[in-house]
Amino acid sequence: MVTLTIDGREVTVPEHTSILEACRTAGVKVPTLCYLKGLNEIGACRVCLVEVEGIDQLVASCNNEALDGMVVKTTSPRVRQARKANVEFLLSRHDTACTSCVRSGNCSLQTVANDLGVTSLPYKVDLTHREWDMDFPLIRDADKCIHCLRCIQVCDRMQNTGVWDLINRSSHTAVGVTGGAPISETDCALCGQCITHCPVGALRERDDTERVFDAIADPDTTVVVQIAPAVRAAWGEPLGLSHDEATVELLAACLKQLGVDYVFDTSFSADLTIMEEGSELLRNVAEHPGELPMFTSCCPGWVRYCKAHHPEMVDHLSTSKSPGQMFGAVTKSYFAEQAGIDPHKIFSVEIMPCLAKKSEVDIPAMSDACGDPDVDVSLTVRELDRMIKAGMVVPQQLEEVELDDPLGTYTGAGVIFGATGGVMEAALRTAHAIATGREADADAFKDVRGQDGWKEAAFDLGGTPVRVAVAHGLGNAEKLIQAVNNGDATYDFIEVMACPGGCVGGGGQPIHDGEERAEERGEVLWELDREMPLRRSHENPQIKAVYDEFFGEPLSEKAEELLHTDHHA
Ligand code: HC0
Ligand code: SF4
């Protein structure tokens, strides 16, 4: 341990702690912009400068160690003026059109500039607007980049993808797409983690909200919205709602207020996915022993990564569509039939914590129900929250409403899809019942929960031993695949979610700079599961009805046609 003095207060911290973390331990606020604990500790932004007695230069607190006997000052005039000058420098080459910036009100640069009393800029550099493919789901605005390098580190170190890099030389050095390639030609998985880790508005999603507003305004169009499992754990955060207040039923009320015709729950089709994927797993175990593992395919970020980095594994992906896509296909077939609506007049919207879903809905093969896309638009939670605000909807003034019939009923198994390990646990609950004819305790498979990047477990399903693994975050997935390819690990079934913590930590979720909320949001889903009267997908009465009335049984011809896909198509 080392003991140092910060602004006259003594504080003791473990050796090798940074001065910044020591300040935080002492309750001393130091502003930061580029710092991301454990991932980006490079002192690039120079906003966390402090004065250390005996050292002439001010030092960056994030990448200098706290030493025994050190005397640190964080609020001296020198420190304040240097921080302010450094922020003025950043702003001089930043597009400061805050009023039309998607991060206004949630931007660390804006906050730091306001906190430091920056009210005018002594100088400004001419900005050259750089072109970007505005059709791509991920938008980058180079004029808002502050060169913090977080996106490079997150993409490379956490997600093993390397889309971003330093480009150009000397004074022209900037952040850009590796090798200067067009973004659509890179291996971007569209996990969106660079967006949620960007401190400013340099990275954002393509905004598709106007398409939804237009559909709502069209009297000939029936707008059907599905809400993904992980949305309920986060949608209320920017709207000042607690987790208890921000229920899926209150969100349904907001959507109805906006003019949406039907509000359903993707958790319903998560239950449907389990019926198909669980049956697929058991069929594969029986028919192709030794040809496994089978990978989940419900995360389009993971599917994009798999296709780009591991084409040898594509045939091991489950052919089951993601719940979102299954929902779209069911909406424009079974639901359209039941409700007597022309499927071509249905506008199908999914609200997802995800960026990759924006590309998934555009895959040409995802149009099985009536030839139109099964899902017309995929919105992130951030876009949803913007729609709620733009529609002048005040959730606090609304009463909860029930989700609509017949696709609004779901089980706890469907809800936990949004947290790492949840898809696997839900699949095992049902696979066990199919294999043994008996129900296991709903918590019997909880060994695959938790925040470890790579988890494994083995279970007996009616005499068949099944080895399973769960990875979240593409860097962890990569390690797992390497182990499988090298023969160092053998599994029958593997869940991969691209985002850390699963969809609760998705790239389309509300942003809280410097905070990781995935674990806390995941707890919301596990708690909902514990409280649900039905916790196994096969117990969902509307799932039973949809098979009785429409699909016949899992993996039937109709189910294969509407609920499965060819990942090569
Ligand atoms: Fe997910 Fe899903 S759990 S991927 O994270 O499987 O986005 O929430 O909607 O489709 O259900 C995202 C979340 C979903 C799908 C479900 C799966
Ligand atoms: Fe999208 Fe979820 Fe996959 Fe992240 S983990 S890319 S949010 S589906």
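How many nonpolar, polar and charged residues does the shell around ligand 1 have? Let's look at this predicted model one close-up at a time.

**View 1. The shell around ligand 1.** By class, this shell has 13 nonpolar, six polar and one charged residues. In total, 20 residues surround ligand 1, and the closest are Ala228, Ala230, Cys298, Cys354 and Cys503. Look for two helices here: α8 (266-287) and α10 (323-339) each supply at least two residues of the shell.

**View 2. Helix α4 and its surroundings.** Helix α4 (residues 150-158) is largely enclosed by the rest of the structure, because seven of its nine residues are buried. Those buried residues are Arg150, Cys151, Ile152, Gln153, Val154, Cys155 and Met158. They pack against β7 (164-167), β8 (174-177), α5 (193-196), β9 (203-205) and α15 (474-485). After α4 comes Asn160, with a positive phi near 55°.

View 3. Strand β15 (residues 454-461) pairs with strand β16 (residues 464-472) in the antiparallel sense, over eight bridges. With strand β17 (residues 493-497), β16 pairs in the parallel sense over five bridges; here Ala469 has Ile494 as its bridge partner in β17. Together, β16, α15 and β17 make a right-handed β-α-β unit.

**View 4. An annotated stretch.** An unreviewed UniProt entry annotates residues 78-117 as "domain: 4Fe-4S His(Cys)3-ligated-type". Over residues 78-117 the chain is 57% helix and 0% strand, and the C-alpha atoms at the ends are 15 Å apart.

Technical notes: Residues are numbered from 1 along each chain as its sequence is written. Chains are lettered from A and ligands numbered from 1 in the order in which they are written. This is a predicted model: local features need pLDDT of at least 70, side-chain atom pairs count only at pLDDT 80 or more; totals for chains, interfaces and linings use all residues. A residue is buried if 20 or more other C-beta atoms lie within 10 Å of its own, exposed if 12 or fewer, and partly exposed in between; C-beta atoms are placed from the backbone. Helices (H or I, at least four residues) and strands (E, at least two) are DSSP runs, numbered from the N terminus. Two residues are in contact if their C-beta atoms, placed from the backbone, lie within 7 Å. A residue is near a molecule or strand if its C-beta atom, placed from the backbone, lies within 6 Å of it. Ala, Val, Leu, Ile, Met, Phe, Trp, Tyr, Cys and Pro count as nonpolar, Asp, Glu, Lys and Arg as charged, and the others, Gly among them, as polar. UniProt positions are given in the numbering used here, feature names are shortened, and annotations may be inferred rather than shown by experiment. Two strands pair if DSSP finds at least two bridges between them. A crossover is right-handed if, with the strands pointing away from the viewer, the path from the first strand over the helix to the second runs clockwise.
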